[in-house]
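Please examine the structure shown below before reading on.

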Amino acid sequence: MSTTAPRWALIGASTIAREWVMPAIRATGGSVEVVMSADRDRAVAYAREHAVPRATTSMDEALADVDAVYVSTTNELHHPQALAAIAAGRHLLCEKPLALTLADAREMVAAAQRAGVVMATNHHLRNAGTHRALRDAIAQGRIGRPLFARVFHAVYLPPHLQGWRIRDPKTGAGVVMDITVHDADTLRFVLDDEPEAVTAMVQHAGMGAPGIEDGVMGVARFRSGLLAQFHDAFTTRYPRTGFEVHGTEGSLIGLDCMTQRPVGTVTLRNDSGEHDLHVDHVNLYERALSNFHAALRGEGAPSATGEDGVRSMALALAALESARTGREAAVNTGA
Ligand code: NDP
């Protein structure tokens, strides 16, 4: 295995690999050796377009002669494909949600532990300078005891992504498994706290096929007693995104920070007025890949581990349960 120049397989000829992760692998010292698609022509075209040496439809071929695997297929495929990669002894970066059920996600994490491979979840937002500034300010006690958080993550799903996410129930479609999982991870990261229960309502505004939610609002209660509100949607073109935390001694306002791009601001408001905090803007995916590559060398852990992926799913699944039953749902991490 090469730990200085890790060789990667892409499982899934996906948009996210093309737009962000493949460039980040290459920018941080890795190489992309092979792409696997269910469709041979797509694999070949994707490989040609992105200068990937090999194209295949075979998992065995994809896993040969690589060090690490990036799984970014539709959600229902993550579990079997991740288990195959782990069984072959490959390190794993898996897209969120890790799986469709908590039991499957737990099985993936346990298998990676047994095999001694590095496993990460691609929760990009915790790599953002904005969210790191929020976390640091809270850890330094700058807002006293955090009491409330609010996450605004309502967006418009771009036309080129209006496919399985809003149409195909077998993929775990819907805004909760797509976006709320990211809120869950970011809340856990920024607050250094764990959600215990959630109440949520979902909306069907017509973008999602019948039965597939395209909007959600909810409130989660954390171990410390903090309440966190989240609002996620595929259907709104004009809102700003944001992440606020309000404490006994101050408030933190992150704006334009629930995004893939390294942008946004963080403002601290307290009894001495309003101060813009320094934000170290770096490419979120490059930071994730840089930390992943370091973990392969035995230097630290990935930005978001497999366990983090299980825990973000646990909150999302509880939100769906609450929306279904009309009651508060406990966040069961299966730990
Ligand atoms: P895509 O729809 O682009 O790709 C998913 C799969 O759909 C691909 O693996 C591919 O299958 C198939 N596919 C893609 N384009 C076409 C096409 N033109 N015709 C036919 N089939 C196609 O999904 P995303 O890249 O948006 O998402 C993939 C995964 O990544 C999901 O799990 C999602 O939740 C996650 N994601 C994570 C993000 C993050 O920032 N962490 C951001 C966006 C997505 P095949 O490989 O078999 O050809």
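## Surroundings of His-131

Apart from neighbours within four places in sequence, His-131 contacts Leu-125, Thr-186, Phe-189, Val-190, Phe-243, Cys-257 and Met-258, where contact means heavy atoms within 4.5 Å. The residue belongs to helix H6 (residues 129-139); helices (H or I, at least four residues) and strands (E, at least two) are DSSP runs, numbered from the N terminus. His-131 is buried, its relative accessible area being 0%. Buried stands for under 20% relative accessible area, exposed for over 50%, and partly exposed for values in between (1.4 Å probe, protein chains only).

The model is predicted: local features need pLDDT of at least 70, side-chain atom pairs count only at pLDDT 80 or more, and totals for chains, interfaces and linings use all residues. Residues are numbered from 1 along each chain as its sequence is written, and side-chain values use heavy atoms, with hydrogens and water left out.

Two packed helices are described by the angle between their axes and the distance between the axes. Axes are lines fitted to C-alpha atoms, for helices over the stretch in contact, and angles run from 0 to 180 degrees between N-to-C directions. Angles under 35 degrees count as roughly parallel, over 145 as roughly antiparallel, 65 to 115 as roughly perpendicular and the rest as oblique.

Helix H5 (residues 102-115) and helix H10 (residues 306-325) have axes that come within 9 Å and cross at roughly 175°, so H5 and H10 are roughly antiparallel. On the H5 side, the contact involves Leu-102, Ala-105, Arg-106 and Val-109; on the H10 side, it involves Gly-306, Glu-307, Val-310, Met-313, Ala-314 and Leu-317. By class, the residues of the H5 and H10 contact comprise seven nonpolar, one polar and two charged. Here Ala, Val, Leu, Ile, Met, Phe, Trp, Tyr, Cys and Pro count as nonpolar, Asp, Glu, Lys and Arg as charged, and the others, Gly among them, as polar.

H4 and H5 pack with axes 10 Å apart, at an angle of about 10°, and H4 is therefore roughly parallel to H5. H4 contributes His-78, His-79, Ala-82, Leu-83 and Ile-86 to this contact, while H5 contributes Asp-104, Glu-107, Met-108, Ala-111, Ala-112 and Ala-115. The contact of H4 with H5 has seven nonpolar, two polar and two charged residues.

Gly-306, in helix H10, is buried at a relative accessible area of 3%. Not counting residues up to four places away in sequence, Gly-306 touches Leu-98, Val-109, Met-119, Ala-120 and Thr-121. Gly-306 and Met-108 are 198 residues apart along the chain, yet their C-alpha atoms are separated by 7.9 Å.

Leu-296 lies in helix H9 (residues 284-296) and is buried, with a relative accessible area of 9%. Between Leu-296 and Val-118 the C-alpha distance is 6.8 Å, against a sequence separation of 178 residues.

## Pocket and cavity

On a 1 Å grid over the protein atoms alone, a cavity is a set of points where a 1.4 Å probe fits but cannot get out, and a pocket is an open set with protein on both sides within 12 Å along at least five of seven lines; lining residues have an atom within 4 Å of a point. Grid points are joined across faces, edges and corners, and a volume is the space filled by probe spheres set on the points.

The largest pocket holds about 1,300 Å³ of space. It is lined by 48 residues, of which Thr-15, Ile-16, Leu-161, Arg-165 and Gln-260 are the closest to its centre. H1 gives the largest share of this lining, five residues. The lining of the largest pocket comprises 19 nonpolar, 19 polar and 10 charged residues.

The structure has one cavity of 30 Å³ or more, and the largest cavity holds about 70 Å³. Among its 13 lining residues, Leu-93, Ala-120, Thr-121, Asn-122 and Ala-288 are the closest to the centre. H9 supplies the largest share of the cavity lining, three residues. The lining of the largest cavity has seven nonpolar, six polar and no charged residues.

## Backbone features

Lys-96 and Pro-97 are joined by a cis peptide bond with omega about -15°. Pro-97 is in the loop between strand S5 (91-94) and H5.

Ala-51, a residue other than glycine, has a positive phi near 55°. Ala-51 is in the loop between helix H2 (40-49) and strand S3 (54-56) and is exposed, at 60% relative accessible area.
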